[in-house]
Amino acid sequence: MTPTPTDRAADLREQLNYHNYRYFVLNDPAISDPEYDALLAELEQIEAEHPELITPDSPTLRAGSDLQPEFRKVRHPRLIGSLSKAFTEDEIRAWRERIGKLLPPDVRLDYTLEPKLDGLSVVLTYEGGLLTLGATRGDGITGDDVTPNVRTIPSVPLRIPVHPDGPRPPARLVVRGEVFYPLAAFARLNEAQRAADLPEFINPRNAASGALKNKDPRETARRPLKVFVYSIVDVDGEVPPTQWDQLQFLKALGFLEPAEMARFDDLEALIAVIPEWTARRPRLDYEIDGLVIKVNDLRLWEELGVVGNKNPRAAIAYKFPAEEATTKLLDVKFSIGRTGVLKPGGVLEPVFVGGTTITNVMLHNFDQIAEKDIRIGDTVIVKRAGDVIPYIEGPVPEERDGSERVVEVPAMCPFSGDPVIRPEGMVDYFCSNPYCPERVFRSLEFFASRGALDIEGLGTQTVKQLMDAGLVRDEADIFSLTLDDLLPLERFARKKAENLLAGIEAARHRPLDRVLTALGIEGVGEIMAGTLAGHFGSIETLARATVDDLLQIEGVGPTIAEGIVAWFAEPFHQQLIAKLKAAGVRLEAEQGAPVAVGDSLAGKTFVLTGTLPTLSREEAAALIKAHGGKVAGSVSKKTDYVLAGENAGSKLTKAEELGVPVIDEAGLRQMIESA
DNA sequence: CACCCTCGAGTTCC
DNA sequence: CTCGAGGGTG
């Protein structure tokens, strides 16, 4: 007797989901591809005739369906945190010491070791065994709902159990995994892109990200993405109490996992296998940037808590040493900064390091170039510090053929032709002309930049354009620009000109400390400007201050005091101040501006790191200052609190080392309110 | 005088 | 993020 379409469809779904699991997760197909395709075709046929029979776990959805306009934001059931990092084996041991102090002295720990995939975190929700939601990590609190795209990824079970004898899933299960683009497939993808004369993808991570966030799930379906699932975020029901057993449990449920997970009773034994990982890394079909070490007993996770409300103490990510590459140093070019300092910069044959192509490196100073004996034409080793800023580790002298040239300090400034000088006892060289056009350009650029007056619409290009047109020679000229000045300029339509003028208008009313910073007085940056503004209240008062007056201020020594007095003694600067005043730029502190709202944070020094959920860095600093606290730039023993947000970096590590308390934004607000 | 702490300045890629 | 230099402290 023939089954009803309803029964047949259910049967087909079950078979297809099982064979899909055999193929993509176990890599052990039980039927041939044509047989699979025949089953799929039959189900498609039934669904076409009876659309009401389409279920959320139907394998036909793997092909992707209609366009969806915007991704819905979804809130994660709990914070999807990140991990503190360790860069050396000793930092792993230090981590063990730190958590040891928080636990009873006789606790024996065991650990899991998992590869740290360089992909995208996703959060998958199963209700009654059915995949109901797939979301990106986002900021850890909310992410994008990319369910239709996630459904197209074959290694993600649409329904659990994946086969009739499989374990039953908890009533509700939220898991975390990593989406990645397998390397072999990535190589083929770029080959195809090249052949079609299309731009290549920079790295597998970008390709995976683009595919997962594609607005058309059918596009996503064409990409051979995979998802490794490695932890349980939230659950209604019984799950094993250790990380290791949860990994086995997830595997049994039908999730894909890297085969290389391991468990260790001894941290030293774990550390001992790190070199094996370094060796194994190039042979894997996915990119990893480190290893994740977790305390196996999940009941201890609660006890160990989180740092900065973000990073669980019970786990740490060991990051592989900065990736390095060799390339040729083609040339050394020179730049002049706003202070007149001459900096050498290396031009490299483009080289791919740590996920991006590097063509320029900063060479800090000439002493260092000489010490490392870096020559133009050399083959050099390039690394990226903290995975961001590239630098030249050193030359490979064996590669030399005799054509290399030693880097000479230029005798003349490449921009103004004036002599280059090196002040007594200084490492840096300077252009001797204080009005060197490049230096003036850099000063103006800085004047308008964020951090200084923050003039919207006035970036590097525009500054250059206005200088070339002869409209702006000094900082004050900016304030006399008119619509008639701007409209004749290239690429200046009415809208853009109006925006710039509005930006300039807004800059007339910046706080005094911003103006002081913007002037570029030697030794006066953001912090010192704030101190001086608070102390003197106006530029005119500051201009009349003597060296002795200035020396009374904490943080001001003879060098800075004399520098300030000398700056205001310069007739050109006096004229500049007069022009700024005439142009309506506020040169006094706001009436009662720095009013303290409270003193709940008095005497406390804070250091900010990472991105906070609602406050910007500036807002957070302002909030702290308004309540009597101080904000410093780096963590030391004198730091009272480190205010950490998303993507907190080395400062957080430092805080942990020094035992400085770490708080988050909510913690800060609490300190303020409870006082 | 030797140290540590802070600040300032310049810069990579996208 | 890094370096160099100024300022302050023991």
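This is a predicted model: local features need pLDDT of at least 70, side-chain atom pairs count only at pLDDT 80 or more; totals for chains, interfaces and linings use all residues.
Residues are numbered from 1 along each chain as its sequence is written, and chains are lettered from A and ligands numbered from 1 in the order in which they are written. Local features need pLDDT of at least 70 and side-chain atom pairs count only at pLDDT 80 or more, while totals for chains, interfaces and linings use all residues; side-chain values use heavy atoms, with hydrogens and water left out.

We may begin with the DNA. DNA strand B is surrounded by 24 residues, the closest being S335, R338, G525, M528 and S636; a residue is near a strand if one of its heavy atoms lies within 4 Å of it. Sugar or phosphate accounts for 92% of the atoms of DNA strand B within 4 Å of the protein, and bases supply the rest. By class, nine residues of this surface are nonpolar, eleven polar and four charged (Ala, Val, Leu, Ile, Met, Phe, Trp, Tyr, Cys and Pro count as nonpolar, Asp, Glu, Lys and Arg as charged, and the others, Gly among them, as polar).

Phosphate oxygens of DNA strand B are approached in several ways. The side chain of S335 places an N or O atom 3.0 Å from one. Two or more residues of the surface near DNA strand B come from each of β16 (356-362), β19 (389-395) and α18 (526-536), and β16 gives the most, with four residues. Helices (H or I, at least four residues) and strands (E, at least two) are DSSP runs, numbered from the N terminus.

Helix α18 also packs against α17 (residues 512-519), at an angle of about 130° and with axes 8 Å apart. Axes are lines fitted to C-alpha atoms, for helices over the stretch in contact, and angles run from 0 to 180 degrees between N-to-C directions. The contact (heavy atoms within 4.5 Å) joins L512, D513, L516 and T517 of α17 to E526, A529, G530, L532 and A533 of α18. Its residues comprise five nonpolar, two polar and two charged.

Turning to the other pair, α13 (residues 437-448) and α14 (residues 460-468) pack at about 130°, with axes 9 Å apart. Here P437, V440, F441, L444 and E445 of α13 meet T460, V463, K464 and M467 of α14. Six of these contact residues are nonpolar, one is polar and two are charged.

Definitions and conventions. A polar contact is a pair of N or O atoms within 3.5 Å; within protein, one must be able to donate a hydrogen and the other to accept it, and residues adjacent in sequence count only if both atoms are side-chain atoms.
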